Amino acid sequence: MTAFGKLIRTTAFRLTLVYLFLFALFAAFLLGFFAWNTRRLITEQITTTVNAETGEVSDIFGRRGLRALVLTIENRALRPGANLYLVTTPAGQAVAGNVGSLSPGVMATTGWSETAYRRLDEQDSSNHFALVKVTELSSGFRLLIGRDLEERRRLFGIVAKAAQFSLLIVVVLGLGGGIFVARRVLRRIDAMTGTTQRIMAGDLTGRLPVGRSGDELDRLAENLNAMLERIEALMTGLKEVSDNIAHDLKTPLTRLRNRAEDALAKSRTEVEYRSALERTIEESDGLIRTFNALLMIARAESGQARGNMDDFDAADVARGIHELYEPLAEDDGMTLRVKVETAPVHANRELISQALANLVENAIKYGKPIFATMPAGAGVTAEADRREILIEARRVGDRVLLSVTDRGPGIPVADRKHAVERFVRLEASRTQPGSGLGLSLASAVATLHGGDLRLDDAHPGLIATLAIPVLSGGSDRLAVQMQDVPQKAA
């Protein structure tokens, strides 16, 4: 298709033609109304003048007779720019006036009519047109008084010419403006089309061009770019998950197979078989927990959990997690405390509980203090403080903060962004059991709710905070209490 063919097929050009037709129709109507109204006004002026003069001349005839009428007509006919005058006998013979010829039958009927005529003093043989009134006088005489219509014709011609030029200008400007707008829109659409073709070819980094005008096309491009960024992030996440599953789950699956094979080859007694089966089940449970965590992260990142939002108090979630993990912390020689204040929030309670549980479990695993680094002379109280994990829930402005503070080695600033990725385990945590999905899930849950996961220094230790916007649809209504039993994903 040629460039001109593409141009005339655009919606912008077709809309321009529609509006051009409407504007031309309106202009023609307006000029036609003006011409008709002008013609009417001139005709009214002529009829008013002729009626007045007819009344005067008839009065002269009635009072002074035919001789005075003839003299009056002859005098008025000699004036510059005089009207048309004609007096005829009952037999139709001209008695006085300046009319040389009329259309047949004009003098036979009284009243108004438009007729072709020629004056007596004109040399050319061309006819003119006039609006005349024929009046019957006493004794059968007839009087004709009229006015030439040349002025009306000239004025109508001026209006008609103006209409032609106006319509021509409207058409030229309309077509020019339509072509300009259509070409401008077509260039932008072509640019968008080129970008979409690159994206369909597999280049997800392509983005639609955004201009400076801020018009509807710019707003559309911005929204589409945001959608493309989201799609790219999801596709990248899917690829990362696939790669992570291929690499990180290969080892436990291989270990599971080797243990089963070793049990078949070496076990002789029922106790040995039972021990091998228990180890196999334990390894399988770890794999199931990993897959459950991956599924939960996928749900959060895809936004599928948005349909289960409810109003509840984040303080209740913090107290539930504290009650659930307090025995586990005590078994590891640590103290789990909770400090909460009323913090209503509109969110997915299950995912918020799971994310907070992961942060607490990470703190229990990796938040053990290194007592060799304690300053000399530190007492029992200081040592107890170093073994403490604090769960907090509070509202600050339009956000609810759920934080877990430990007194362990923390996470270096350079590693914090990397720590929330899937299956990432820092060097200090390599010896601990886990899959490296706890912080990933917490970060995905925060993102789902329009918030974020913050990792900060506790001096010493780490403060992991879920910052969730309130977004309450009635925050004073607390949800029915639910049992918070999260799955382990740390």
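Where is the place of Asp313? Select it and you land in strand 7, which covers residues 310-313. Keep in mind as you click around that this is a predicted model.

**Stop one: Asp313**

Show the side chain of Asp313. This residue is buried, yet it has no salt bridge. Now bring up some backbone. A polar atom of the Asp313 side chain lies 3.0 Å from the backbone nitrogen of Ala315. Then select Ala343, whose backbone nitrogen is reached by the Asp313 side chain at 2.9 Å.

**Stop two: Phe33 and Trp36**

Next, hop over to helix 2, residues 11-64. The structure holds two aromatic pairs. For one of them, select Phe33 and Trp36: the ring centres are 6.2 Å apart and the planes meet at 35°, so this pair counts as tilted. Both residues belong to helix 2, three residues apart, or about one turn of the helix. An α-helix has 3.6 residues a turn, so residues three or four places apart point the same way.

**Stop three: helix 12**

Finally, select residues 438-448, which make up helix 12. Nine of its eleven residues are buried, so the helix is largely enclosed by the rest of the structure. Among the buried ones are Gly438, Leu441, Val445 and Leu448. Step just past the end of helix 12 to Gly450, where the backbone takes a positive phi of about 80°.

Notes. Residues numbered from 1 in each chain as written. Predicted model: local features only at pLDDT ≥ 70, side-chain atom pairs only at ≥ 80, totals over all residues. Heavy atoms only, no water. Helix = DSSP H or I, 4+ residues; strand = E, 2+ residues; numbered from the N terminus. Buried < 20%, exposed > 50% of the residue type's maximum accessible area, 1.4 Å probe, protein only. Lys, Arg positive; Asp, Glu negative; His and termini not counted. Salt bridge = Lys/Arg side-chain N within 4 Å of Asp/Glu carboxyl O. Polar contact = N/O pair within 3.5 Å; in protein donor to acceptor, adjacent residues only side chain to side chain. Phe/Tyr/Trp six-rings, centres within 6.5 Å; stacked < 30°, edge-to-face > 60°.
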